[in-house]
Structure formats: C-alpha cells, structure tokens
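Trainee: Can we go through this one together? I'd like to start with the contacts between chains.

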Protein chains: 2
Amino acid sequence: VSTEHQRIARIRALFARSSPSISLGIGDDCAVLRPSASTRVWTVDAAIEDVHFVRGLMRDEEIGFRALMAAASDIAAMGADATGILCALALPSSFRDDQLDALLSGYAEAADALGCPVVGGNLTRASELSITTSVLGDVVAMPLTRAGARPGDGIFVTGTLGGAALGLHALRAGHARDGAYGECITRFLRPRARLDLSAALAACASAAIDISDGLAQDLGQLCTASGVGARVVVSALPRPARFAELARQLGRDGDELVLAGGEDYELLFTADVARVAPELAAQIGSITGTGTIELVGGDGRMVPLPEGFDHFR
Amino acid sequence: VSTEHQRIARIRALFARSSPSISLGIGDDCAVLRPSASTRVWTVDAAIEDVHFVRGLMRDEEIGFRALMAAASDIAAMGADATGILCALALPSSFRDDQLDALLSGYAEAADALGCPVVGGNLTRASELSITTSVLGDVVAMPLTRAGARPGDGIFVTGTLGGAALGLHALRAGHARDGAYGECITRFLRPRARLDLSAALAACASAAIDISDGLAQDLGQLCTASGVGARVVVSALPRPARFAELARQLGRDGDELVLAGGEDYELLFTADVARVAPELAAQIGSITGTGTIELVGGDGRMVPLPEGFDHFR
C-alpha cells in the first residue's frame, strides 16, 4: 500500500482535467472556482459499504461509478449542470492500490460522462469503505425545487423505473451482467444522473426530485414540500422491456419494484401537461389538492402505498 | 431511535439560519446559493471514529465542534471567508437521539462561531460514526495557495503550536478538562479555524497552509508546492504557556509536539517580513532556495526533521 502522499499524487494525475469554471484543482487546501453569474446548487451524498453497496457483489469500478452518479443526480433534479466534484474517500487499511485504481477509474469515467471535473477531496483511513461526494452545479435558468407543484399539474417520470431494484435482486441471485437481466443489472451498477435533461426540465417543470428512494417515497417528499396530493396510475409507470416477466421469474412483484425499488436515479417532475414534450418523459398521473397520494391499479381500484426505503428502519 | 425523516426534520430546525448568500437551505435535493462576484474556494474534510476522534475520550458535542472547525480551517488557509457548510453524517444504528442532538449542538456552535450557515447534508447508517464536512468560501482578495513562497520571505505561524497534541496526551492520561492541562485539552477538543485572520493573511501572505498534520509536514507541503526550502528556528516556534514543563510532566518532548503534533489548526504562511504586523503572527524562520527544510536547534545545530502524521503508515 502506498503512502497517503503517493496516493494523492496518483489521484491528482488521474483526475487532471481543465475546466473554464475551475482555476485550481486537486492539491491545495481548497479548490478555487472562478466567479460565476449563475445561481449555484450544492449537494453531498455518501456511498457506504454494506449500506449503499456490497463489495462482493460489485466491482470496485462499479462502486466508484455509482457513487458519483448518485450524488450528481441531485444536481439534475434542481435543473442544473454539474460544475465541480469533491471526493472524500475513506479506505480500509486492507484496500490495495489496484483496488483504489479500479474504484477511481470508475469514478473518473462517471465524471467524464457528466463532463464535470473532480477538483479536490479528502483521503483517510476507516474500517469500512466509503465515498462521500459533494457536487456544485450552475442552474440553467431558475433552480427547480420540490415545492412548486400545483393541483392540475401532470406528474412525469424520465426513463424507466424498477430496473435498478430488479438488477440488484438478479445480481444477488447470481445472474450474469450479460445475461437476460443484463439491462437491469446495468441500471443498478451504472446508473446515469440525468444531467442530460436538466435544461429540458428547467424549461417546463414546476417541481422536481430525483428518484433515489423509490417513486412512492420521493413523490411523497415532493407532495409534502408542495403542500399537494397526487393520483398515480400504476400501469402508466414506465418500465424496462419485459419487466413483469423478468420480475416474476425472480419471484418479485414488478409493481412493487417500480413503486418502491429506488436507485434508478431518474427524475420525477410536475409540469403543465401542455408544456412537456412526449419524448422527454412519461406522464404517470396528476397533482391533486387532497394532500394524499392515491395509486390507481389496472382494475381502476386504489392500490395501498408501499413504504419507501428508510435507512434507519 | 427516530426515523430518518424525523431526524432530518430535527436537523433542519436546529440549523435554521438566514444568510444573504443562501436562497435555499436544508430540505431539498440541493442547497441554492445566490450568485456571487467573488472567486470561491471549496473543500471537504472527514472526521472518522477511531481515526480522527475517540468516542470514549471526547463528548459528542466536542466531536461535532471539532469536525467542523477542522474542515473550515482549509478555508482560512486560502484567505477566504466561509459561506456555507454541508454536513454528511454517518451514524451507527446504536447512536441515540440524545447523542445525535449533542453532536449537532457542538456542530451548530462551531458554525455560529464561524458565522456560517449549515445549508444541507446527508444522513446515513454506517458501522462507525463519521462526519464529512464540505465548506464553500468567498475569497477576500486573491486566493492564497501553498505555491507562492519565495526565497527571502519570512515564515510565520499564528497562535501557538503543540497544545492540541499535548492536550490529547493529557486526555489519554486521564487529566481533567479544567485542570493544569485545561488550555491544551481545550486546544485539542475545541480548535478554532482562524477565519478571523483570513483578511489579514490575504493582505500580506505570499503562500499559506493550515497546520493540521504538524508544522514539519505542512511546511514541507508548502515548500514542495512553492519549489523552495526553509530554515526554521525551533526555539522561535510559539507555544502555550508553561509548555515545556507540562510536556515533561507527561513524559513528552515539547519540541517534537510543536514540530510534528498537528491538529492545532493554526495558519502557517510566508510573507515579506516588512508587511506582517507583529501581533498577527510569530516569525519562525525564512524561506530559502535550497529545496530542503532545515531546523535550527537552541544550540545553533541542525535538528533532524520529524516525520509528520501519515494516515496510511
């Protein structure tokens, strides 16, 4: 195992990128950001061993990739672009240099996919592996919050839901990354923060949140912040191809995965229905003035709301 | 133990402060910062159980206070003011609500002492307690880096050194917080990030770094970044009152604590000697063109350089 300084030198070389927003990157007490006329958004997210990832199940590069994408997803939900990343790594003393290189290569790949430089961080020892990522972003227009939904707005979801949760179950059941569950496994291991949609969202949405804890819970957060209710048509929730069948083969309820699975890092937003281009997102329901969330099943009957993931439960 | 949402609600209430720099604090996917004409600096620092603090030795409020001050110290070293704080907490499932309240009250006390709001964060479960703090700052004039020292510059240290390291030894030896070692114990448990000196430093310094890993190691970093050497007079290093005697009574070498103890979070900087007000800092030596660091002992002879703290050694 290299010394701390040798490791920092490797990290510095690996993450060296120039950016018009950054005047000083890794290596000093702080990163230095050039002045910006934009409103900025700022978030932090932790990926912790045996809470957010399991080392036996995921490759080190996948752990790194996913940690950064999960953090950057919050920037997309605010209708912003990512400007810079700080990476705080806590490594067990048994973590080898080749493992660190793999983890960082996945992290760097995610940063490059987002077009955003890693400008600093922190390196320390710990008993369990963790990656805590802070991301700064510049908003495209006005920041989107959870609080702007109004009764009558449509509720929209980008991409598909449930794939990451089913992918995790498939991985646990021993399915291969290139088998029948490959698309779902990739959704879990290599999620994409939807920064590609920030500008489109900023142009039409009244409120937004990223779907990290599951649709039911994240929609609940948005409704609470906005002081509204929602009616969601379960059959309208967008799913990966052959989802119900793949879920059934693993003994899982597809609807439950779609409603409460989480970890897809797609965006949930509300908007005037007429302002949303159909290719941007699928409408899954409407905002109501009731203060409760109603799920409508395929038979038109109400479906009970599943509990989302609570880290402390 | 409360649920995650109950805990977030408590944290939100505890940290509620208004700030002209912040348009949205805790509670959404990101904090929102108003545009600023300033160059900004940005850092992250982790405080991890059994690496940076020992729970049996420190009260929870002291753990919280110290975690934030250690992170904010990097902002002071860049000649900047703190603008906002993100707090990523990882808590063991056994961590009780009253312990969390104590930890957060210390954290909030530190934030208030720095005049800087906590604007967001992250809360997760973990097997060991950790607090990862990200701080954004606005530079007063130009950002100070480690890289500007020139041969002939004086080397200066704010406050005193060695107290925190001696305080930790005293705590481990069972000394009370209000006894003979009280001042040193307070230096360890409740360090102060020198944001009070940011503007004075920005007005005179050519390079700066905060002293977290010990003078010898941090001066080494500054010299490496600046491509210079240094000559330091050990007897000129500022120490707490009665330091040599207190160290001797604990069986410690005072010089070694002052040179390599670390954790004082004072500032080390270089400057044209004529530009530094004597009350700002003590001159401890001069920058040279040699590329090595020389320590001059009380007898005029060279003292070997102690190794600083390396987390991976």
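Interface and helix packing

Mentor: Between chain A and chain B the count is four salt bridges, a salt bridge being a side-chain nitrogen of Lys or Arg within 4 Å of a carboxyl oxygen of Asp or Glu. This is a predicted model, where local features need pLDDT of at least 70, side-chain atom pairs count only at pLDDT 80 or more, and totals for chains, interfaces and linings use all residues. Residues are numbered from 1 along each chain as its sequence is written, chains are lettered from A in the order in which they are written, and side-chain values use heavy atoms, with hydrogens and water left out.

Trainee: Which residue does A:Asp29 meet in a salt bridge?

Mentor: B:Arg146, at 2.5 Å, N to O.

Trainee: How many residues of chain A are in contact with chain B?

Mentor: 63, against 63 residues of chain B; contact means heavy atoms within 4.5 Å. The two chains bury about 5,300 Å² between them, 59% of it on carbon and sulfur atoms. That area is the accessible area (1.4 Å probe) that two parts lose on being put together, summed over both.

Trainee: Changing topic: how many salt bridges over all chains?

Mentor: 42. One of them pairs A:Arg239 with A:Asp255, the closest N and O atoms being 2.7 Å apart.

Trainee: Where do A:Arg239 and A:Asp255 lie?

Mentor: A:Arg239 is in the loop between strand S9 (229–233) and helix H8 (243–249) of chain A, and A:Asp255 is in helix H9 (residues 254–260), so the pair ties together parts 16 residues apart in sequence. Helices (H or I, at least four residues) and strands (E, at least two) are DSSP runs, numbered from the N terminus.

Trainee: And at what angle do H2 and H3 of chain A pack?

Mentor: About 35°, with the axes of H2 (residues 60–77) and H3 (residues 97–114) 6 Å apart. Axes are lines fitted to C-alpha atoms, for helices over the stretch in contact, and angles run from 0 to 180 degrees between N-to-C directions.

Trainee: Which residues of H2(A) make the contact?

Mentor: Among them are A:Ile63, A:Gly64 and A:Leu68, with partners on H3(A) including A:Leu103 and A:Gly106.
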